Amino acid sequence: EMTEITEMKVAPFDPLAFVGALVLAPLAVTVITAITLIPIAALILGGPVYLIVGTPTLLWMVGRYPPVFSTYALAGVLGMFALLAIAGLFHLARPEQGADELVAIFLWGVVFAPLWAGTFAPFYRRFNRMTRLFPLS
């Protein structure tokens with residue numbers, strides 16, 4: 001007996017939706033979680049890392065996966081672990097460079113990377129004008 005494979009469709013890329021979601025996601029998470037100063041510090045310290053690592057990761061994701069929070073959150077965690085692995089290799093190559101302060105930043109990154117990347121997904125889905133032209137099944 002043959003099993004039918006159903007494929008989830010991905011909407012065509014919308015650059016305006018991408019930029020809007022990329023910027024708004026960490027800001028929204030910061031506003032919602034700003035009970036302490038940690039999310040504000042995370043935005044200041046992690047924002048550049050999010051743009052450097054998150055932009056190519058999320059560009060890759062939008063072309064392959066429907067924008068769902070959990071899928072994109074997983075991509076955020078994996079991106080953070082990849083960055084941690086690269087930093088670990090750098091530390092092995094130059095152990096005289098202290099890594100203690102970076103460990104704390106990476107630990108917070110593992111918390112905020114999935115929140116920011118996951119939050120990107122519904123914003124991108126909502127902002128993507130192409131979804132109205134090509135309904136997703």
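How much accessible surface does the chain have, and what share of it belongs to carbon and sulfur atoms? The accessible surface comes to about 9000 Å², and 74% of this belongs to carbon and sulfur atoms; such areas come from the Shrake-Rupley method with a 1.4 Å probe, and for residues only the protein chains shown count as cover. The model is predicted, so local features need pLDDT of at least 70 and side-chain atom pairs count only at pLDDT 80 or more, while totals for chains, interfaces and linings use all residues. Residues are numbered from 1 along each chain as its sequence is written, and side-chain values use heavy atoms, with hydrogens and water left out.

Next comes the overall fold. The chain has five helices and zero strands, in the order α-α-α-α-α from the N terminus. Here helices (H or I, at least four residues) and strands (E, at least two) are DSSP runs, numbered from the N terminus. Of the 137 residues, 31% are buried, where buried means under 20% relative accessible area, exposed means over 50%, and partly exposed lies in between (1.4 Å probe, protein chains only). Among contacts (heavy atoms within 4.5 Å) between residues at least 6 apart in sequence, 82% join residues at least 24 apart.

The structure holds 10 aromatic pairs. Rings of Phe, Tyr and Trp (its six-membered ring) pair if their centres lie within 6.5 Å; planes under 30 degrees apart count as stacked, over 60 as edge-to-face, and the rest as tilted. One of the pairs is F18 with Y124, edge-to-face at 6.5 Å centre to centre and 75° between the planes. Because F18 sits in helix α1 (residues 15-33) and Y124 in helix α4 (residues 100-127), this pair ties together parts that are 106 residues apart in sequence. Both F18 and Y124 are buried. The ring centres of Y50 and W116 are 5.3 Å apart with planes at 80°, so this pair is edge-to-face. Y50 belongs to helix α2 (residues 38-62) and W116 to helix α4, so the pair links parts 66 residues apart in sequence. Y50 and W116 are buried. One aromatic cluster is formed by F13, F18, Y72, F120 and Y124.

Helix α1 gives the most to the nonpolar patch, with four residues. L27 lies in helix α1 and, at 38% relative accessibility, counts as partly exposed.
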